[in-house]
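Trainee: I have a model open on my screen and would like to talk it through. Can we take it piece by piece?

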Amino acid sequence: MRIVDVDDKIKKSLAESRITEEMGSLQNCDFLAIVENDGRIVGASGIGGIFQVLSLQIDPDYFNKGLGPKLLEMVIEEAEKRKYSYISASRNPENVNAVRL
């Protein structure tokens, strides 16, 4: 797992992964915490936009492996380092995994 700034290279990697098909907001983040497997991004969390929205997306093949909480912790710690004054987030109440976070 690592922190990356969102640049053209990361946007391309996100586009090639399966995680942004449903949620393109990761490409609009300022930075991401990512987890990769064999060079492919399989999970990412980031913050960006004028409302500093927190985003999280994980490839379904990697659900229930503890990636979500780790990615969220990393991105929140990075936001603190970058002096973000607040973070906004929401979740789909039907998404059981998101509710547990």
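Trainee: What distance should the 15 residues of helix 2 span, and how far apart are its end C-alpha atoms?

Mentor: Bear in mind that this is a predicted model. Helix 2 covers residues 67-81, and at 1.5 Å a residue those 15 residues should span 21 Å. The end C-alpha atoms agree with that, as their separation is 21 Å.

Trainee: Which residues of helix 2 are buried, and why do they line one face?

Mentor: The buried set is Leu67, Gly68, Leu71, Leu72, Val75, Glu78 and Ala79. An α-helix has 3.6 residues a turn, so residues three or four places apart point the same way. Looking down the axis of helix 2, the buried residues line one face because they fall within an arc of 130°.

Trainee: Which residues on the other side of helix 2 are exposed?

Mentor: Exposed here means over 50% relative accessible area. On that other side of helix 2, the exposed ones are Glu80 and Lys81.

Trainee: What covers the buried residues of helix 2, and at what angle does helix 2 run to strand 2?

Mentor: The cover includes strand 1 (2-5), strand 2 (31-37), strand 3 (40-48) and strand 4 (53-58). Helix 2 lies across those four strands. Its angle to strand 2 is about 145°.

Trainee: In what order do the four strands sit in the sheet, and which ones stand at the edges?

Mentor: The sheet is open, its pairing is antiparallel, and the order is 1-2-3-4. Each edge strand has a single partner, so one side of each is left without a neighbour in the sheet; these are strand 1 and strand 4.

Trainee: How many bridges join strand 3 to strand 4, and which residue in strand 4 does isoleucine 47 stand opposite?

Mentor: Strand 3 and strand 4 run antiparallel, with six bridges between them.

Trainee: Where is confidence lowest in the protein chain, and where is it highest?

Mentor: Over the protein chain the mean pLDDT is 84, and 82% of the residues reach 70 or more. Where pLDDT is low, the predicted coordinates should not be read in detail. The lowest mean, 57, belongs to helix 3 (residues 96-100), and the highest, 96, to strand 1.

Trainee: What pattern does the protein chain follow along the sequence?

Mentor: Count three helices and four strands in the protein chain. Of its 101 residues, 37% count as buried. Read along the sequence, the pattern is β-α-β-β-β-α-α.

Key. Residues numbered from 1 in each chain as written. Predicted model: local features only at pLDDT ≥ 70, side-chain atom pairs only at ≥ 80, totals over all residues. Heavy atoms only, no water. Helix = DSSP H or I, 4+ residues; strand = E, 2+ residues; numbered from the N terminus. Expected span 1.5 Å × (residues − 1). Buried < 20%, exposed > 50% of the residue type's maximum accessible area, 1.4 Å probe, protein only. Arc of directions from axis to C-beta. Contact = heavy atoms within 4.5 Å. Pairing = 2+ DSSP bridges. Axes fitted to C-alpha atoms, helices over the stretch in contact; angles between N-to-C directions. pLDDT = per-residue confidence, 0-100.
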